[in-house]
Amino acid sequence: MPQLTALDAQFLSIETATNVANIAGLAILEGALNRADLQALLERRLPSVPALRRRLAPVPFGLDHPYWVQEDDLDLDYHVREIGLPEPGDDRQLAEQVSRLHARRLDRSRPLWEIYLVHNLSGGRTGLYTKIHHAAVDGIGGADVLAALLDTTPEPPPAPGTEEPQPDRDEPPPGQAEMVARGLARLAANPARVVRFAAAAVPYLDEIPVVSWLPGTRLLSGLARRVAGAGGVPGLPALPAPRTPFSGPVSQHRRFAYVSLPLEEVKAVRKAFGVTVNDVVMTVCAGALRGWLAGHGGVPGRPLVAGVPFSLREAGMPGPGNQVTIMTAPLATHVADPVERLHEVRGAMRRIKDRFALAPARWLREFSASMPAALMGLASRSAFALVGETVPPINVIISNVPGPQFPLYVCGNLLLTHYPVSVITDVSGGVNITAFSYNGSLDIGVVTDRTMIPDAWELAGHLRAALDDLLNAESSLPR
């Protein structure tokens with residue numbers, strides 16, 4: 001039975017009443033969907049999604065990271081719920097309901113996921129909000145969970161037993177005594193693990209937020225790379241994050257909004273200016289943040305800093321848990337001209353990609369592995385509180401996830417749009433913007449802290465305006 005990695009356990013450790021590590025998606029379906037049909041579909045597909053069949057088995061005294069144990073009697077009546085919106089069932093009502101659901105912590109005594117069917121949406125649509133803990137999956141794993149519900153044709157799913165495999169039996173976790181013994185052995189080996197991490201991290205200190213700002217760090221990091229024969233790895237600029245109205249510790253309350261942008265418009269900008277789709281998405285987010293800040297206290301004189309997740313998971317890499325890291329990127333929000341902003345963002349993202357291609361940033365995973373499991377919870381929560389209050393390393397999380405460009409179905413219902421609903425924390429600040437491309441649309445979910453940005457729809461509206469600015473610049477180019 002797999003044990004949580006140190007990084008998986010970190011997502012459990014950081015949770016407090018305000019820092020909640022749920023990742024989710026809001027699917028909007030054409031037509032009505034029956035709860036019994038959804039449960040029947042899930043029951044058939046569960047064998048292919050181990051993350052939905054596992055719950056936590058903690059180690060006594062917290063001496064080691066928990067194990068996953070298979071839940072043989074999965075209670076789908078608990079995990080699959082349904083609610084109805086009052087009239088008129090519009091987008092703002094749906095987003096408000098998702099905001100409340102997303103802020104609630106998952107029950108750790110059960111498999112760490114919930115699905116909500118949301119009825120009575122305007123236009124005869126149905127909402128499907130799927131929430132799972134970040135300790136169980138990363139972004140790629142979360143996409144696998146969603147894929148388990150989806151079909152490429154509207155035909156009903158196959159009858160039980162005709163296609164889906166029977167679930168593999170997980171080995172049971174170690175007994176309590178063995179768990180304690182393993183935990184003590186890991187604790188004894190921890191000082192050596194810390195020394196190895198410290199030595200290995202020196203060439204890459206310029207990747208680590210806050211640490212990279214210390215005097216001499218960048219010089220030491222570059223010198224260590226040259227000594228190690230990695231002198232060709234490009235350095236990274238120092239990125240102290242400016243203070244904004246959405247910097248610092250978050251509250252218990254969330255706000256969620258969403259917007260869909262035509263992917264063909266994004267691609268038109270990409271083609272006109274010789275950049276990538278991701279460059280355009282990052283620039284649209286930068287323009288939206290600049291637009292919001294202009295109306296709420298002013299735009300900082302230096303660029304906002306975005307945390308950009310990168311997957312370390314190689315194609316076909318098996319196993320549960322997280323294979324993810326995060327890099328920081330300047331957003332050029334201080335630049336007024338949208339085209340100049342686009343080119344600055346492109347340059348920053350190219351430097352990060354070149355660096356990542358030569359030396360993938362594994363510091364987050366390795367740092368987590370160097371921490372004693374018994375102290376991780378207290379240390380993580382204390383560090384989050386301290387960093388969030390004093391020197392937040394980033395202003396916003398921005399992620400762009402490519403998805404399928406063909407229609408998909410859930411129990412015969414067409415998937416119209418799929419909006420990511422992600423995480424905000426004391427360290428990341430009160431805004432997360434995540435985009436998912438699907439069937440010709442760029443579906444963007446915006447999560448904010450209610451006390452920092454009470455109206456997430458205002459920020460979402462600036463995303464449309466920022467893309468319009470780039471389209472206007474594109475249309476004025478000589479043909």
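Mentor: Start with pairing: two strands pair if DSSP finds at least two bridges between them. Helices (H or I, at least four residues) and strands (E, at least two) are DSSP runs, numbered from the N terminus. Here, Ala24 stands opposite Val421 in E12. Six bridges join strand E1 (residues 22–29) to strand E12 (residues 413–421), and the two run antiparallel.

Mentor: Two cautions on the source. This is a predicted model: local features need pLDDT of at least 70, side-chain atom pairs count only at pLDDT 80 or more, and totals for chains, interfaces and linings use all residues. Residues are numbered from 1 along each chain as its sequence is written, and side-chain values use heavy atoms, leaving out hydrogens and water.

Trainee: In what order do the six strands form the open sheet?

Mentor: The order is E4-E5-E6-E1-E12-E11, with mixed pairing. Strands E4 (80–84) and E11 (409–410) are the edges; each pairs on one side only.

Trainee: Which strands does H4 touch as it packs on the sheet?

Mentor: Contact means heavy atoms within 4.5 Å. H4 touches E1, E4, strand E5 (113–119), strand E6 (126–133) and E12.

Trainee: Is Gln97 buried or exposed?

Mentor: Buried means under 20% relative accessible area, exposed over 50%, partly exposed in between (1.4 Å probe, protein chains only). Gln97 is buried because its relative accessible area is 14%. Gln97 is found in helix H4 (residues 91–102). Leaving aside residues up to four places away in sequence, Gln97 touches Ile83 and Leu85.

Methods
Axes fitted to C-alpha atoms, helices over the stretch in contact; angles between N-to-C directions.
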